[in-house]
Amino acid sequence: MVTIRDVAKEAKVSIGTVSRAFNGYQDINEETKVKIFEVAKDLGYAPNVNARSISSKKTNNMGLIISGFLESDRRDSFVLTLLQGIYRYANEHSVEVALYTTDAEQQQKKTYERFCAEHSIFGAVLSGVATNDPYFHELVESGMPCVLIDVYIKGAGLGCVSVDNIKAADDIAQYLIDCGHRDIVVVQGKKEAEVTTCRIAGIYTAFKRNGLELTREKILTCNYSESQTYRTVRQYIEKNGKDSGTAFLCLSDIMALGAMKAIRDLGYGIPEDFSVTGFDGIPIAEYTTPGLTTVEQDVSMMGYSAAALLQELRRDQSKSKRIYVPYRLQKRDSVKRLQSD
């Protein structure tokens with residue numbers, strides 16, 4: 001299927017320029033318009049009939065698009081809680097909202113703008129996008145408002161809602177250090193995810209401030225997967241035993257659950273032998289044994305704020321805005337204090 005991306009490539013213009021040409025914007029010179037229309041005709045490309053409705057802002061529908069939904073862990077309530085926040089805003093402001101899913105392969109076939117047009121939404125809250133996904137590189141030129149969760153892209157009509165992941169990761173790393181931990185293993189998510197980059201940056205900051213070094217050998221990549229974390233942490237401890245470290249600093253609660261299971265299955269105790277921390281504050285973290293020390297995000301507030309910001313960007317697509325929601329360092333019994341203050 002021919003896409004708007006194919007037309008832009010053949011006409012040697014941006015995707016945004018093609019979009020604006022088909023939507024009747026007057027800031028494109030006639031020669032460029034003619035070239036775009038000729039290329040589109042030659043390639044057999046026809047813009048969706050809903051596109052003009054979208055560009056004229058007649059629709060009052062917004063979307064929540066989840067990228068990589070099938071890859072997410074079944075016990076991760078992040079998407080549900082995010083959706084609850086968005087629906088709360090939608091109900092208060094008479095906006096329709098619908099949930100959609102996508103992945104990198106689907107993004108190659110259909111641009112973000114075309115996706116919005118075909119589903120009659122004026123824009124979307126987008127969660128789960130990695131920096132190597134097609135949408136990540138396309139959004140700046142899409143001409144459609146979008147709010148990303150945990151990913152910041154500066155550009156007209158684009159927004160981001162997250163906690164301050166750098167500061168939050170710094171805080172939880174500092175807490176471990178204050179509890180006497182110096183040999184810390186970091187369990188990170190997908191390398192391509194901006195949230196991973198930010199959290200790792202916060203940990204490096206805390207380590208450097210305390211004269212500690214975080215080596216590559218002490219970073220385990222587990223892609224926000226409980227099962228992958230279980231295998232990786234188990235293999236790591238089987239290889240190194242008690243010399244593995246004193247604490248596993250996991251950059252999601254889901255990965256922390258996998259690490260805790262691996263530690264127990266090998267006959268070790270938490271926190272007697274290894275301390276464990278998480279990040280996110282999913283409900284199950286409160287009921288683990290021991291309770292999981294973690295960074296609690298108000299995900300419902302993130303959803304509500306993202307929906308509100310999407311409406312704001314719809315009204316003024318020249319804006320670009322980033323919003324931080326509060327977080328809380330929740331100290332529970334999964335961390336052992338190795339020395340007194």
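Reply: The model shown here is a predicted one. The protein chain contains 13 helices and 12 strands, and its C-alpha trace spans about 70 × 40 × 35 Å along the principal axes. Of its 341 residues, 54% count as buried. Among the contacts with a separation of 6 or more, 74% are between residues 24 or more positions apart. This is the setting for the aromatic rings.

A pair of aromatic rings is described by the distance of the centres and the angle of the planes. Two rings are taken as a pair if their centres lie within 6.5 Å, and by this rule there are six aromatic pairs. One of them is formed by Tyr-100 and Phe-115: the ring centres are 5.4 Å apart and the planes stand at 85°, so this pair is edge-to-face. The reasoning behind that label rests on the angle, because planes over 60 degrees apart count as edge-to-face. The two partners come from distant parts of the chain, 15 residues apart, with Tyr-100 in strand β2 (residues 96-102) and Phe-115 in helix α7 (residues 112-118). The pair thus links a strand with a helix. To decide whether a residue is buried, its relative accessible area is compared with a limit of 20%, because buried means under that value. Tyr-100 has a relative accessible area of 17% and is therefore buried. Phe-115, at 8%, is buried as well.

A second example is the pair of Tyr-236 and Phe-248, which is also edge-to-face, with 6.4 Å from centre to centre and 85° between the planes. Here again distant parts of the chain are linked: Tyr-236 belongs to helix α11 (residues 226-240) and Phe-248 to strand β8 (residues 247-250), 12 residues apart. Both Tyr-236 and Phe-248 are buried. These two rings also belong to one aromatic cluster, whose members are Tyr-236, Phe-248, Tyr-268 and Phe-274.

The bond from Ile-270 to Pro-271 is cis, with omega near 5°, and Pro-271 is placed in the loop between α12 (253-265) and β9 (275-277). Another cis peptide bond joins Thr-289 and Pro-290, where omega is about -5°. Pro-290 is found in the loop between β9 and β10 (294-297). That loop between β9 and β10 also holds Asp-280, a residue that has a positive phi of about 135° although it is not a glycine. With a relative accessibility of 13%, Asp-280 counts as buried.

Arg-199 lies over the face of Phe-279, at 3.7 Å from the ring centre. In a second case, Arg-314 lies over the face of Phe-122, at 4.1 Å from the ring centre.

Apart from neighbours within four places in sequence, Asn-165 is in contact with Asp-150, Val-195, Cys-198, Arg-199 and Phe-279. With Asp-150 there is a polar contact of 3.3 Å between the two side chains. Asn-165 is placed in helix α9 (residues 165-178), and its relative accessible area of 5% makes it buried.

For contrast in setting, consider Ile-323, which lies in strand β11 (residues 320-324). Its relative accessibility is 22%, so Ile-323 counts as partly exposed. Leaving aside neighbours within four places in sequence, the contacts of Ile-323 are Cys-160, Val-161, Ser-162, Ser-305 and Leu-309.

Helix α1 (residues 4-11) and helix α2 (residues 15-22) pack at an angle of about 105°, with their axes 8 Å apart. The helices α1 and α2 are therefore roughly perpendicular to each other, because angles of 65 to 115 degrees receive that description. Where they meet, Ile-4, Arg-5, Val-7 and Ala-8 of α1 face Ile-15, Val-18 and Ser-19 of α2 in contact. The loop between α1 and α2 contains Lys-12, which has a positive phi of about 60° although it is not a glycine. At 71% relative accessibility, Lys-12 counts as exposed.

Conventions:
Residues are numbered from 1 along each chain as its sequence is written. This is a predicted model: local features need pLDDT of at least 70, side-chain atom pairs count only at pLDDT 80 or more; totals for chains, interfaces and linings use all residues. Side-chain values use heavy atoms; hydrogens and water are left out. Rings of Phe, Tyr and Trp (its six-membered ring) pair if their centres lie within 6.5 Å; planes under 30 degrees apart count as stacked, over 60 as edge-to-face and the rest as tilted. Helices (H or I, at least four residues) and strands (E, at least two) are DSSP runs, numbered from the N terminus. Buried means under 20% relative accessible area, exposed over 50%, partly exposed in between (1.4 Å probe, protein chains only). A charge sits over a ring if NZ of Lys or CZ of Arg is within 6 Å of the ring centre and within 35 degrees of the ring normal. A polar contact is a pair of N or O atoms within 3.5 Å; within protein, one must be able to donate a hydrogen and the other to accept it, and residues adjacent in sequence count only if both atoms are side-chain atoms. Contact means heavy atoms within 4.5 Å. Axes are lines fitted to C-alpha atoms, for helices over the stretch in contact, and angles run from 0 to 180 degrees between N-to-C directions. Angles under 35 degrees count as roughly parallel, over 145 as roughly antiparallel, 65 to 115 as roughly perpendicular and the rest as oblique.
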